[in-house]
Amino acid sequence: MSWTTFDTWIAVTGMLCAISCAIPGCFLVLRKMSMMGDAISHAVLPGLAIAFFATGTRDSLPMFIGAAGVGILTALFTQWISQFGQVDRGAAMGIVFTTLFAIGLILIVRAADHVDLDASCVLYGAIELTPLDMVRLGPFELPRAAAVNGTILLVNLVVVILLFKELLISSFDPGLTDTLGFSPGFMHYLLMTMVAVTTVAAFESVGSIIVIAMLIVPAATALLISRRLVPIIIIACGVGSASAWLGHYLAIRIPPLFGISDTSSSGMMAFAAGILFTLAWIFAPNEGLIARFMRNRGGRDQPARDLTGV
Amino acid sequence: MLDTITDVLFLKDHNTRVVVISVMLLGVSSGVIGAFLLLRKRSLMGDVLSHATLPGLGLAFATMTALGYSGKSLPGLLLGATISGALGLLLMLAIRSTTRLRDDVAMGFVLSVFFGLGVAVLGMVQKMPGANAAGLESFIYGKTASMVLQDAQLIGGVALLISVLAVLFKKEFTLICFDDGYAAAQGWPVILLDVVMLALVTCVTVIGLQAVGLILIIAFLIIPATAARFWTHRLEYMILLAALIGALSGWLGASFSGIFGNMPAGAIIVLVAATIFLFSMFFGRARGLVPRLQDQLRLKRRVGRQHLLRAAYEILEQQPGPLANVPVDRNSLFEHRSWSRREFNRFLAHAQVEDHLETCTDDEILLSESGFGEAARMTRNHRLWELYLIRHADIAPSHVDRDADMVEHILGAEMVRQLEVELGNPGHFSSSPHTISSK
């Protein structure tokens, strides 16, 4: 299968989505809250269903508001349960998102009698279909999903650039944040809101898989390569966009080997991110397996060399 | 209608009986193993594993179809799921032990990459010529109601086996849950035990997929254990209770979904479990919100009473002449300590209820007979503590920060007598060893 403009648009949409996820993802990983994206993307189901019941349409805007609202609620409930119930944060997160998901599933099953609201479509999205829905933006014509994710990317960039110092300090030292006079709680909820909005925007246009992967994997890859925040964010963005491109390429190149036309691009994008992570895991300059191995060997030889004076 | 309800709840129908019992067994096993996961702070492991099984499911389906068998044979699918779950698990442990990334990143990585691969594989499988992949989605939402007898027996049997194994490994699991460093130093194979524990989780997850669905098995692993934690501090009871809660939500959830026809059983089970969780979070005896608030309130009252009586006694001491129980000016009592007007009034009200006050008007208060005695005792004990801390500071740190009333219990009669001598006349003690700062 040859690469067409259609494919370019899919890859570009994936890249925009990947970068907009990778930016808040770096902070999530630094704050040891990597699973938040997964929790939010499952928990938004009732938000979608309620928005649908309230408005009776599948318009994007009410859906977006409903889902983002529930996304933020997920973060709130998790915080409350872990704080007031003294429950481990991971467990609190698990309780909140599974319960919300269950509610959403029941609402959707109830609704399915009357309307066409397909849970699997809501969950997986379809990045392959995004170029069918083009919007005109000034002189350009681009897929709606690309426009949505591009906007979110801009917003995230602006927030991170404006509040870079605050985000940096509150990620590493909440106590210091408090002493310096701005609330770590506020920064926490700001980040959560950012994650929720990003997740839902991407989720609605391209499905949840890309979001969950791109929040974590590029940031984790970058952490293996660098130890400074600015390079980490830049590398994460690079890894995110590279895996989106590579993922779509794999999605249309691998299946023909088995006589099948193509497969889910978003799934392959997540998998491509995994491949890039593995490469970094092996070859990263300081943290990589090879570097570690060499260092260990050097370390083992060192005493002998010292003794023999070579 | 009522007949249907009782029929379903009491498992009259043979087919429902098998299904409900196997879901209950699943609840028991996930409750037991979930308790260890919670204590190991890996509650979301079920989340990771259930996503990590997806590529295995797809590949097993594709292989079986390619070999000419039915792609949807349960044992084959479960085998594929187990293998890919185990691979994800090993990858997670490898990332954790060879990089500086934490548990949560390793988990998130395995979850998302395997899930992505799984979706890609399923995408291919569904387009395979000659394959009927419809129904594979039931692994994501579960299909309790339509479980066939053999599936239910398989699930129930595996669940039972897992519960037994988890109980057999209780000592080892407890050790790595509470102190893995110590376990390693004692020579226990911590990584191997971790693998065993997570292998059991994998089995629960894989069999749970069929019964309650990919996402809701996560709830089964987390919620009963977390709810049980609110009721007890003892591990044995917690495991038992988690198993009970798991079984109860399995029973009620599966029955309700039977009664209400087309409701997804997994979702109802989760909602039942979540209700139990909420109840436990508020009323759990050991760590619930309400009992904890009650404890705090009780402590606050106790401390408040002690402060009030001591303040009154110190004011009485400062008055000229021999120490006698005379009315104390309410305002000077209020100003004796830094408490808010509301607190002060509340403590006075409590003191009245407890019969420590004879009269309490807007101007002055008078201690009752018992109140005066209690005040004297309290002040003496408090001063003994202070003196002890000042004179015997070298041995003090292990005994400080205790309730004033405990002075005799902790310090012993000998020490108390010595302190009393140092304090002066035991009946009538002079002022506090440190200067009382009044506002």
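Two strands count as paired if DSSP finds at least two bridges between them. With that rule, chain B of this predicted model shows an open sheet of 3 strands, in the order β1-β3-β2, with antiparallel pairing. β1 (328-329) and β2 of chain B stand at the edges. Each has a single partner strand, so one side of each is left without a neighbour in the sheet.

Take the pairings in turn. β1(B) and β3(B) run antiparallel over 2 bridges. Here B:Asp329 has B:Glu364 in β3(B) as its bridge partner. β2 (residues 357-360) and β3 (residues 364-367) of chain B also pair in the antiparallel sense, over 3 bridges. B:Thr359 stands opposite B:Leu366 in β3(B). A hairpin of 3 residues joins β2(B) to β3(B). In general, strands of a sheet pair through backbone hydrogen bonds, either parallel or antiparallel.

B:Asp355 is found in the loop between α17 (341-353) and β2 of chain B. B:Asp355 is not a glycine, yet has a positive phi of about 70°. This residue is exposed, with a relative accessible area of 53%. A:Lys32 has a positive phi of about 60° although it is not a glycine. A:Lys32 lies in the loop between α1 (5-30) and α2 of chain A.

Now step back to the whole chains. Chain A has 14 helices and 2 strands. Buried residues make up 54% of its 310 residues. Among contacts in chain A between residues at least 6 apart in sequence, 72% join residues at least 24 apart. Chain B has 20 helices and 3 strands. Of its 439 residues, 53% are buried. Residues 24 or more positions apart account for 69% of the contacts in chain B with a separation of 6 or more.

How do the chains meet? In the interface, 61 residues of chain A are in contact with 55 residues of chain B. The size of an interface is often given as the accessible area lost when the parts come together. Between chain A and chain B the buried area is about 5,000 Å². Carbon and sulfur atoms give 75% of that area. The rule also finds 12 residue pairs in polar contact across the interface, both at pLDDT 80 or more. Helices that give two or more residues to the side of chain A that touches chain B include α2 (36-43), α4 (60-84), α12 (229-257) and α14 (289-308) of chain A. α5(A) gives the most, with 15 residues. By class, this side of chain A has 37 nonpolar, 15 polar and 9 charged residues.

One residue shows the meeting of chains in detail. B:Gly116 is found in helix α6 (residues 103-126) of chain B. Leaving aside its neighbours within four places in sequence, B:Gly116 is in contact with A:Ile209, A:Gly267, A:Met268 and A:Ala270. B:Gly116 is buried, with a relative accessible area of 0%. B:Gly116 and B:Leu54 are 62 residues apart in sequence and 8.9 Å apart in space, C-alpha to C-alpha.

Charged pairs come next. Side chains of opposite charge can pair when their charged atoms come close. Over all chains the count is 18 salt bridges. Between chain A and chain B the count is 1. There, B:Arg100 meets A:Glu287 at 3.0 Å, N to O. A:Glu287 also forms a salt bridge with A:Arg292, at 3.3 Å, N to O. A:Glu287 is buried, with a relative accessible area of 9%, while A:Arg292 is partly exposed at 26%.

Other salt bridges lie within chain B. B:Glu236 and B:Lys170 pair with their closest N and O atoms 3.2 Å apart. The pair links distant parts of the chain, α13 (residues 235-259) and α9 (residues 170-178) of chain B, 66 residues apart. B:Glu236 is partly exposed at 37% relative accessibility, and B:Lys170 is partly exposed at 25%.

B:Arg383 and B:Glu317 meet in a salt bridge at 2.9 Å, N to O. This pair also joins distant parts, with B:Arg383 in α18 (residues 369-391) and B:Glu317 in α15 (residues 289-318) of chain B. B:Arg383 is buried at 1% relative accessibility, whereas B:Glu317 is partly exposed at 22%. Finally, salt bridges that share partners join B:Arg40, B:Arg42, B:Arg96, B:Asp103, B:Asp180 and B:Asp194 into one network.

Conventions. Residues are numbered from 1 along each chain as its sequence is written. Chains are lettered from A and ligands numbered from 1 in the order in which they are written. Side-chain values use heavy atoms; hydrogens and water are left out. Contact means heavy atoms within 4.5 Å. Buried area is the accessible area (1.4 Å probe) that two parts lose on being put together, summed over both. A salt bridge is a side-chain nitrogen of Lys or Arg within 4 Å of a carboxyl oxygen of Asp or Glu. A polar contact is a pair of N or O atoms within 3.5 Å; within protein, one must be able to donate a hydrogen and the other to accept it, and residues adjacent in sequence count only if both atoms are side-chain atoms. Helices (H or I, at least four residues) and strands (E, at least two) are DSSP runs, numbered from the N terminus. Ala, Val, Leu, Ile, Met, Phe, Trp, Tyr, Cys and Pro count as nonpolar, Asp, Glu, Lys and Arg as charged, and the others, Gly among them, as polar. Buried means under 20% relative accessible area, exposed over 50%, partly exposed in between (1.4 Å probe, protein chains only).
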